[in-house]
Amino acid sequence: MRGLAELARLAREARERAHAPYSGFKVGAALRAKTGEIVLGCNIENASYGLTLCAERVAVFKAVSEGFREFDAIAVCADAPHLTPPCGPCRQILWEFCGDIPVRMVDLKGHARTMRLSKLLPFPFDDRHL
Ligand code: THU
């Protein structure tokens, strides 16, 4: 099974396919299914700004629509002065399908940090509360 370093490399490749003409902020994501398959995502912006999709959610929705349901890691790659964590809504979507996975954040300069999703989203709302 491919490790976090390979996931980060794939997230970097996915980032190149981002459609981000409005923000200029390109993001890539690589999501690993428990079966070992890796599904990629990039942010996709729109002239109607609010329709923008984040790289992480694109990866999750692609993967779920392809039949994958369980995941054990994600890498996110951006190029900014500080490492880019998933936004709040993406944390919630990741929690739904991934639970407490490691989130590897990387940039183009080689900076990297891994945090568990439960650190990024403490006290999450999920099906246990319904
Ligand atoms: N974005 C992502 O794709 N993922 C993140 O983790 C943070 C933000 C995108 C959304 C938008 O296209 C651009 O980055 C600037 O917010």
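This is a predicted model: local features need pLDDT of at least 70, side-chain atom pairs count only at pLDDT 80 or more; totals for chains, interfaces and linings use all residues.
Student: Which residues of α2 are buried?

Tutor: They are Ala-55, Glu-56, Arg-57, Val-58, Ala-59, Val-60, Ala-63 and Val-64. The buried residues pack against β1 (28-33), β2 (38-42), β3 (71-77) and α3.

Student: What makes α2 roughly parallel to α3?

Tutor: Helix α2 (residues 55-65) and helix α3 (residues 88-98) pack at an angle of about 25°, and their axes lie 9 Å apart. Angles under 35 degrees count as roughly parallel, so α2 is roughly parallel to α3.

Student: Which residues make the contact, and what is the handedness of the crossing?

Tutor: The crossing of α2 past α3 is left-handed. From α2 come Glu-56, Arg-57, Val-60, Phe-61 and Val-64; from α3 come Pro-89, Cys-90, Ile-93, Leu-94 and Phe-97. By class, this contact of α2 with α3 has eight nonpolar, no polar and two charged residues.

Student: Why is Glu-13 called partly exposed?

Tutor: Its relative accessible area is 33%. Buried means under 20% and exposed means over 50%, with partly exposed in between, so Glu-13 is partly exposed.

Student: How do you know that the side chains of Glu-13 and Arg-9 are joined by a polar contact?

Tutor: Their contact is 2.5 Å, and the cut-off for the pair of N or O atoms is within 3.5 Å. Glu-13 itself is in helix α1 (residues 4-15), and its C-alpha atom is separated from that of Val-60 by 17 Å.

Key: Residues are numbered from 1 along each chain as its sequence is written. Side-chain values use heavy atoms; hydrogens and water are left out. Axes are lines fitted to C-alpha atoms, for helices over the stretch in contact, and angles run from 0 to 180 degrees between N-to-C directions. Helices (H or I, at least four residues) and strands (E, at least two) are DSSP runs, numbered from the N terminus. Angles under 35 degrees count as roughly parallel, over 145 as roughly antiparallel, 65 to 115 as roughly perpendicular and the rest as oblique. A crossing is left-handed if the near helix is turned anticlockwise from the far one by less than a right angle, and right-handed if clockwise. Contact means heavy atoms within 4.5 Å. Ala, Val, Leu, Ile, Met, Phe, Trp, Tyr, Cys and Pro count as nonpolar, Asp, Glu, Lys and Arg as charged, and the others, Gly among them, as polar. Buried means under 20% relative accessible area, exposed over 50%, partly exposed in between (1.4 Å probe, protein chains only). A polar contact is a pair of N or O atoms within 3.5 Å; within protein, one must be able to donate a hydrogen and the other to accept it, and residues adjacent in sequence count only if both atoms are side-chain atoms.
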